[in-house]
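Here are a few friendly notes to read alongside the structure. Keep it open and follow the points one by one.

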Amino acid sequence: MTSTPPEAPESKTGNTPPAVSSCPAPARPHPPQTLRKRAEFLATSRARRQATATMVVQARRRPEGHPATGTRVGFTCSKKVGNAVARNRARRRLRAVARAVLPDLGHDGWDYVLIGRHGTTVAAPYETLLGDLRYALSKLHADRKKPRP
């Protein structure tokens with residue numbers, strides 16, 4: 001017979017731990033897929049873009065019949081951002097922001113590329129990055145055609 005470790009809570013009936021709740025976890029949208037090929041980044045670079053203080057966001061609606069589904073996202077930082085440590089840190093921060101925002105505000109059938117900016121992507125508070133990505137997405141998906149007076 002195995003004994004329960006002292007740090008685990010014991011149940012009233014013996015050495016078995018308490019049962020796990022059978023309530024299902026809340027449904028979350030699927031996380032975006034990642035762009036991996038240079039051609040995908042280039043196609044997105046020729047589409048809409050919105051610059052903010054901490055990043056540039058490029059967005060492209062995929063053509064009809066494209067095999068990919070859902071939202072896809074890519075991340076890039078040039079050497080202007082800094083050395084390898086700074087670029088990787090900026091990309092990690094952009095990935096975290098995209099994981100938090102794109103499942104809710106990203107549109108299915110769209111590709112997004114988040115580009116880090118020199119100094120600000122690494123130094124800005126996380127809440128600022130969240131706000132900038134939300135702002136950029138709202139501008140990118142707003143109706144571009146405004147009625148003429």
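1. Contact here means heavy atoms within 4.5 Å. Helices (H or I, at least four residues) and strands (E, at least two) are DSSP runs, numbered from the N terminus. This is a predicted model, where local features need pLDDT of at least 70 and side-chain atom pairs count only at pLDDT 80 or more, while totals for chains, interfaces and linings use all residues. Residues are numbered from 1 along each chain as its sequence is written, and side-chain values use heavy atoms, leaving out hydrogens and water.

2. Start with helix H4, residues 126-141.

3. Which residues of H4 are buried? They are Leu129, Leu130, Asp132, Leu133, Ala136, Leu137 and Leu140. Buried means under 20% relative accessible area, with a 1.4 Å probe and protein chains only. The cover over these residues includes strands S2 (48-51), S3 (55-61) and S5 (110-116), and helices H2 (84-105) and H3 (120-123).

4. Now look at S2 and S3, which run antiparallel and are joined by 4 bridges; strands pair if DSSP finds at least two bridges between them. A hairpin of 3 residues links S2 to S3, and Ala51 sits opposite Val56 in S3.

Note on methods. The expected span of a helix is 1.5 Å times one less than its number of residues. Buried means under 20% relative accessible area, exposed over 50%, partly exposed in between (1.4 Å probe, protein chains only).
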